[in-house]
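Biologist: I've just opened this one and I'm new to it. Can you walk me through what I'm looking at?

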Amino acid sequence: MRDGYTYQCGRYIHSACVVLDGEAIILPGESGVGKTTLTLKLLGAGAKYCSDELAELDGGLVYPYPKPLYIRSPKLGYRRVFSPPLSWVAPLKWFRVSTVVFPRRGSKDRLRVLPKPEALLLLGGSLLREKVSREDLECLKQIVLQSKTCELEWLDPALGAQKIIEASTKGGG
Amino acid sequence: MRYFFRFMPKLNSNLVFVDIENSMIVYVPETGRISLLNPQASRVLSLCDGRTPVSTAIDMFAAEGGVAADLILMSYSVSSLRKELLNTPIRITSRESASYNRRFFRFFPDSIKPCKHVLELQSGAAVRTYFDGRLICTANTALQSLRMFES
């Protein structure tokens, strides 16, 4: 497990990440949108764990940042919910990003394809950088263009995770 | 108001632009904001080169097939973006804004008037464009982005 947040030396986004069939699915978003909850369900469905908080990006690839999963609860505060066994964790190497899903809590479970410009805008908003350079945006653009980009409104995390898996395994951009 | 039409807006050189599928992402380092501009708004910015007066830019934009809403967007976004995107800030008072609004409606071609565009202009602030009571999506996307630049 890597310790601490050392995002000064890399290009990190605020995002959960899992690996399915050798390709990465990233779930960028603010705290509270359900990154960790969906990650747990995806792990249950056979995905390998990369991170529930940070994803390091470079050239269309993502590097795992495995750490124990934490959930912020209004009553209990920020608490650890799960430490995945090493066999559940993706190997520490670069993975090609195949799917970018922007989760948000809603009143139903539905997935919609997100236009690439909107996806780039949202991904840019997840970048953990004080100053964003053209290279940063070009890197995100490459990821957006090579991936399927979707927005997931979820109510039931199991259904949400299932929709993410369907989106990542379906053909087309 | 004449001053506004003669004004030749020029973009702040610190901005970072990235093209993607006919749209443009713009990053403003001073504020850390990232915005998405639709094709119309992207074209607006490309005309802010410091050599093209607003009046000429409006004509060019119209000649390229911009619709009424985009004409207004063109002219108004220049003022909307003035604080962060332009090198030389321009200032429009509420009185000028109201006058500008009236003038624009007067100069609408008859072919466009039946579209029932209604524009809410406030002094250099929010701009909403309606079509039969519904927000126009194409123009509105850009307008939403442009509004993000308002302080």
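Predicted model: local features only at pLDDT ≥ 70, side-chain atom pairs only at ≥ 80, totals over all residues.

Biologist: What's the mean pLDDT of chain B?
Modeller: The mean is 54, and 28% of the residues of chain B reach 70 or more. Over residues 67-84 of chain B the pLDDT is below 50, though this stretch has 60 contacts in the model beyond near neighbours in sequence. Residues 100-151 of chain B are also below 50, with 81 such contacts in the model.

Biologist: What share of the contacts in chain A join residues at least 24 apart?
Modeller: Among contacts between residues at least 6 apart in sequence, that share is 73% in chain A. For chain B, counted among contacts between residues at least 6 apart, 62% join residues at least 24 apart.

Biologist: New topic: how many residues of chain A are in contact with chain B?
Modeller: 13 residues of chain A, and they meet 10 residues of chain B. Helix 2 (116-125) and helix 3 (134-146) of chain A each supply at least two residues of that side of chain A. Helix 2 of chain A gives the most, with seven residues.

Biologist: How do the residues on that side of chain A divide by type?
Modeller: Five are nonpolar, two are polar and six are charged.

Biologist: Which residues have the most contacts inside the largest nonpolar core?
Modeller: A:C50, A:A55, A:V62 and B:I25, in a core of 61 residues. Strand 1 (residues 12-20) of chain A gives the most to this core, with seven residues.

Biologist: What is A:C50 in contact with?
Modeller: Leaving aside neighbours within four places in sequence, the contacts of A:C50 include A:C17, A:V18, A:V19, A:A55, A:V62 and A:A90.

Biologist: Let's pick one residue. Is A:I26 buried or exposed?
Modeller: A:I26 is buried, because it has 27 other C-beta atoms within 10 Å and the cut-off is 20 or more. A:I26 lies in strand 2 (residues 23-28) of chain A.

Biologist: Which residues does A:I26 touch?
Modeller: Not counting residues up to four places away in sequence, A:I26 touches A:S15, A:C17, A:A55, A:V62, A:V97 and A:V100.

Biologist: How does strand 2 of chain A pair with strand 8 of chain A?
Modeller: In the parallel sense, over three bridges. A:I25 stands opposite A:T99 in strand 8 of chain A.

Biologist: What else does strand 8 of chain A pair with?
Modeller: Strand 5 (residues 61-63) of chain A pairs with strand 8 in the antiparallel sense, over two bridges. There, A:V62 has A:F95 as its bridge partner. Strand 10 (residues 148-154) of chain A pairs with strand 8 in the parallel sense over seven bridges, and A:R104 has A:E153 as its bridge partner in strand 10.

Biologist: Is strand 8 of chain A covered or open?
Modeller: Mostly covered: eight of the 11 residues of strand 8 (residues 95-105) of chain A are buried.

Biologist: Last one: why is helix 1 of chain A described as largely enclosed?
Modeller: Eight of the 10 residues of helix 1 (residues 35-44) of chain A are buried, so the rest of the structure largely encloses it. Among the buried ones are A:K35, A:T36, A:L38 and A:K41. After helix 1 of chain A comes A:G46, with a positive phi near 105°.

Terms used
Residues numbered from 1 in each chain as written. Chains lettered and ligands numbered in written order. Helix = DSSP H or I, 4+ residues; strand = E, 2+ residues; numbered from the N terminus. Buried ≥ 20, exposed ≤ 12 C-beta atoms within 10 Å, placed from the backbone. Contact = placed C-beta atoms within 7 Å. Nonpolar A, V, L, I, M, F, W, Y, C, P; charged D, E, K, R; others polar. Core = buried A, V, L, I, M, F, W, Y, C linked by C-beta atoms within 7 Å. Pairing = 2+ DSSP bridges. pLDDT = per-residue confidence, 0-100.
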